[in-house]
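My notes follow in the order I took them.

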Amino acid sequence: MLALLHQTHAPFVVTVLAMVFTAERPRVAVADAHAEINDALDQLRAAGYGDEDNQPLPAGNARDLCRQWVQAGWLVRQVSDDDVEVYRLSAYGVGALEVAGRVGGVRTRVSESRVRTLLDAIERLAQDADPDVMARITRLHEEIQHRQKELTRLEQGGVVETVEDEQLLEAAENVLHLARELPADFARVAESIKAIQRDVVAELRHDVRPTGEVLREYLARGQRILDATPEGRAFAGALRLIGDPAQIDDLWSRLRTVLRHRFTDLLPEQQRRELTEISRRIEQGVKEVLTAQRQASHVITTQVRNHDPLRDRQVDELLRDVMSGLHKWVPGSRRGEAVEPLRRLPVADVGHLRQRMSDLRPPQPPAPLREWDEGEDMPAADTRAWGGPRYAELRAHLAAFAGGAESVDVVAAFRAAAEDIRRPVDLLGLLEIAHDAGMTETAEVAVVDTVRPDRTRRRFALGGVVAANPASADRSGGDE
């Protein structure tokens, strides 16, 4: 934060960040931020800024400046829930804008409101720290008597004591002073949670304990990440007050009551806008912290469930070996030198792995083939039975099954054929004959049983086919 405020171009950086990031827009898309900052640079340079005799401006375009600000820790670049890259102010950037806003705005003064806030805080601290029951009872009785006396006075026609506008202005300035510190506080809580997330993931990658022990510890830590930092524990206590939607609604109704009062006309427009946005800032801050907590828990849980520490270490060692090899190769290489790529990974030659450790006998080769007698002939019938389709018999059967009809149902014809031409290969041959004769497919799905030469059966499903009568096709072809 101090590095941002003390650098040479601090006026430009603080002004641009305050212009781009507002209470209504805490996150800005990367492209939009670059466009707005480039536009601001163009306007300032056109007005004469950036010269040697005028206010200096940083060199480079918006992309270069944002990259520098991210490296310096003033901006955070991340991916939003809708997969869009955005910038947001870090806790240091928010703190710098808060300091600049206090210095450039109305100075806070020692007023009755600020002293009363201090006294009330000390009184509440003393009450919470004092465990004496009788002292607590005495204080409660005194407070009840005071409230009852005031209530009686008002019921008897008393009027509400008015407060001077000057005192109300001082009280409003005190409220704004307290509210300006909230965004930086919320940002610090969110960043402390993200730091814990990074530490947990780094520790997990180097953990050498059993997987079950790692799972139990880190899953529990991921669920209790909000309690792992002082900022998180403080926020958890504050969340009990501001996390209830009814509390936010009550706060907004009280702010509307304040804004309706005539003394707010004496406030500058910027301060009236800040008063209006207090409840929205609180809601945004709570949402940012809870989102960081949810993301951190999800990242830690996913890391534990999906990553093996031993395998990750092996990958890290492999990458280090690759980098070491590159460092050795680059000094002796020439520019433009071709590198022969590794086409495939080497395969270890391990021979035959024993499948059953209880079997002490080595694996035996298969039985040798029977010696073939060249004079021995293969039966012609068996050779033909296991051969291709019998086109002549299939064509004759299809023509006989069709009779004098112009078309024939191929599936029905195959079912009616003899077993010696009802083999699986004959079904294909019959479909070839139907295709040559001209066939039409129907929407029906038919199931046929085929018979192999060894009398085993196999069932096929095919679409219904209607073919022209082969005999009619042959006659028409002869006439032509």
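**Entry 1**

Buried means under 20% relative accessible area, exposed over 50%, and partly exposed in between, with a 1.4 Å probe and protein chains only. Helices (H or I, at least four residues) and strands (E, at least two) are DSSP runs, numbered from the N terminus.

I noted that this is a predicted model, in which local features need pLDDT of at least 70 and side-chain atom pairs count only at pLDDT 80 or more, while totals for chains, interfaces and linings use all residues. Residues are numbered from 1 along each chain as its sequence is written, and side-chain values use heavy atoms, with hydrogens and water left out.

Which residues of H3 are buried? I listed Val30, Ala33, His34, Ile37, Ala40 and Leu41. Seen down the axis of H3, these buried residues fall within an arc of 130 degrees, so they line one face of the helix. The arc is that of the directions from the helix axis to the C-beta atoms.

I then checked the length of H3. Its 17 residues (30–46) should span 24 Å at 1.5 Å a residue, and the end C-alpha atoms are 24 Å apart, which agrees. The expected span is 1.5 Å times one less than the number of residues.

What do the buried residues of H3 pack against? I found helix H2 (10–20), strand E1 (27–29), helix H4 (62–72), strand E2 (75–79) and strand E3 (85–89). Contact means heavy atoms within 4.5 Å.

I picked out His34, which is in H3. His34 counts as buried because its relative accessibility is 8%. Leaving out residues up to four places away in sequence, His34 touches Ala62, Arg63, Cys66 and Tyr87. Just after H3, I noted Gly48 with a positive phi of about 105 degrees.

**Entry 2: helix H4 and its sheet**

In H4, I found Ala62, Leu65, Cys66 and Trp69 buried. Seen down the axis of H4, they fall within an arc of 95 degrees, so they line one face of the helix. The buried residues of H4 pack against H2, H3, E2 and E3.

I traced an open sheet of 3 strands with the order E1-E3-E2 and antiparallel pairing. Two strands pair if DSSP finds at least two bridges between them. The edge strands are E1 and E2, each pairing on one side only. Neighbouring strands here are turned by 35 degrees against each other on average, direction ignored. Axes are lines fitted to C-alpha atoms, for helices over the stretch in contact, and angles run from 0 to 180 degrees between N-to-C directions.

E2 and E3 pair in the antiparallel sense over 5 bridges, and Gln78 stands opposite Val86 in E3. H4 packs on this sheet, touching E2 and E3, and its direction makes about 100 degrees with that of E2.

**Entry 3: another sheet**

I also followed an open sheet of 3 strands in the order E4-E6-E5, with antiparallel pairing. Strand E4 (407–409) and strand E5 (439–451) stand at the edges with a single partner strand each, so one side of each is left without a neighbour in the sheet. Neighbouring strands of this sheet are turned by 25 degrees against each other on average, direction ignored.

E5 pairs with strand E6 (residues 457–468) in the antiparallel sense over 10 bridges. Met439 has Ala467 in E6 as its bridge partner. Helix H19 (residues 424–437) lies across E5 and E6, running at about 160 degrees to E5.

Where is Arg455 found? I located Arg455 in the loop between E5 and E6. Arg455 has a positive phi of about 70 degrees although it is not a glycine. Most residues other than glycine have a negative phi. Arg455 counts as exposed because its relative accessibility is 56%.

**Entry 4: totals**

Of the 480 residues, 28% count as buried.
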